[in-house]
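Open the viewer and get ready to select residues. The tour goes from stop to stop and tells you what to click next.

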Amino acid sequence: MIPLRAVIACIAASLLAACSTPPMTSPPPPAAVAELAPSGTLRAAINFGNPVLATKDPVTGAPRGVSVDLSRELARRLGVPLEIVTFAAAGKVVEAVKSNAWDVAFVAIDPVRGADMDQTAPYVIIEGVYLVPQASPIKANSEVDRAGARVVTATGSAYDLYLTRELKQAQLARVPTPAVVVDTLVSGSYEVAAGVRQQLEADAKRVPNVRVLDGHFMVISQAMATPKGRPAGARYLGAFVESMKASGFVAEALKRNGIEGAAVAPLAEK
């Protein structure tokens, strides 16, 4: 598995070449506007289950985060109003594409999710990690996949999809949202919790006698997406993401929202 340091080093090299990527200065094609905002309003799915992407402002309760900032900028460029549609977990965002509940979303790249939506190249890379009880004999990520180990994770999350494919001996136990993963671990006497590093590290400060394992079991590539059948919209969205990375917008949004441990994804190869 490639260490995140190596990924970040690669990212730094890519960002040095960002000046060669021209900004999106021309107006969006009418077809792209019509497909990304068919109702005349851009409906952006915001997932509160991943604190790297979005959280609620502690004072106002309003959504904030890199995904909110990108949604606002996209709506501005399209010249349409923005409607934020909030969800408690990524799995619920994925389910909602079938009911036409949103026009753009922020989800981890995964082949299962790609069945109903077109995803851009990633804009942010984050880590999936494990948390265990303090007294657990499990000391390393490689020791989790063992007979008798039960791993708690959020239904439909990127790590749920990944671990469903990768775990051969351990069993998965699924809960509705990331916010209750660690509480379920403790109350149900499970062996391991799986989730985004920022969420589990925050839980480890809140819940006594648990610890996050060193390293990560997966690197999660976060992308923007639009429902299938919107080719002009998908093309514009892909170009938008590359422009946001190259211009430094994504890096500034992460910094502005106090996000540490996540990195801007490399520019897509042409």
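## Stop 1: a strand residue

Select Q222, which is found in strand β12. Strands (E, at least two residues) and helices (H or I, at least four residues) are DSSP runs, numbered from the N terminus. A word on the source: this is a predicted model, where local features need pLDDT of at least 70 and side-chain atom pairs count only at pLDDT 80 or more, while totals for chains, interfaces and linings use all residues. Residues are numbered from 1 along each chain as its sequence is written, and side-chain values use heavy atoms, with hydrogens and water left out.

Is Q222 buried or exposed? Q222 is buried, because its relative accessible area is 4%. Buried means under 20% relative accessible area, exposed means over 50%, and partly exposed is in between (1.4 Å probe, protein chains only).

Now show what Q222 touches. Leaving out residues up to four places away in sequence, the list is N50, L53, F106, V107, A108, P122, Y123, V124 and I126. A contact means heavy atoms within 4.5 Å.

## Stop 2: across to N50

Pick N50 from that list. Q222 and N50 are 172 residues apart along the chain, yet 11 Å separates their C-alpha atoms. N50 sits in the loop between β1 (42-47) and β2 (55-56). N50 counts as buried because its relative accessibility is 5%.

Which residues does N50 touch, not counting residues up to four places away in sequence? They are I126, V196 and Q222. Next, draw a line from N50 to Q198. These two are 148 residues apart along the chain, and their C-alpha atoms are separated by 8.3 Å.

## Stop 3: two helices

Move to helix α5, residues 158-166. Its buried residues are A158, Y159, D160, L161 and L163. Look at what covers them: the cover includes β5 (104-108), β7 (124-133), β8 (150-154), β9 (171-175), β10 (192-196) and β12 (218-227).

Here is a rule for viewing helices. An α-helix has 3.6 residues a turn, so residues three or four places apart point the same way.

## Stop 4: the nonpolar cores

Show side chains. A nonpolar core is a set of buried Ala, Val, Leu, Ile, Met, Phe, Trp, Tyr and Cys residues joined through side-chain atoms within 4.5 Å. The largest one has 53 residues. Select L74, Y123, Y130, V151, M224, F240 and V250, which have the most contacts inside this core. Helix α3 (residues 66-78) gives the most to this core, with six residues. Another core lies apart from it and has 13 residues, among them V129, V175, A193 and V210.

## Stop 5: two loop asparagines

Select N209, in the loop between α7 and β11. N209 is exposed, because its relative accessible area is 61%. N209 is not a glycine, although it has a positive phi of about 65°. N209 touches P133 and Q134, not counting residues up to four places away in sequence.

Then go to N100, in the loop between α4 (90-96) and β5. What is the phi of N100? It is positive, about 55°, although N100 is not a glycine. N100 is partly exposed, because its relative accessible area is 42%.

## Last stop: zoom out

Color by secondary structure. The protein has nine helices and 13 strands. Along its principal axes, the C-alpha trace spans about 60 × 40 × 40 Å. Of the 270 residues, 51% count as buried.

Among contacts with a separation of 6 or more, 73% come from residues 24 or more positions apart. Finish with the surface view. The accessible surface comes to about 12200 Å², and 56% of this belongs to carbon and sulfur atoms. Such areas come from the Shrake-Rupley method with a 1.4 Å probe; for residues, only the protein chains shown count as cover.
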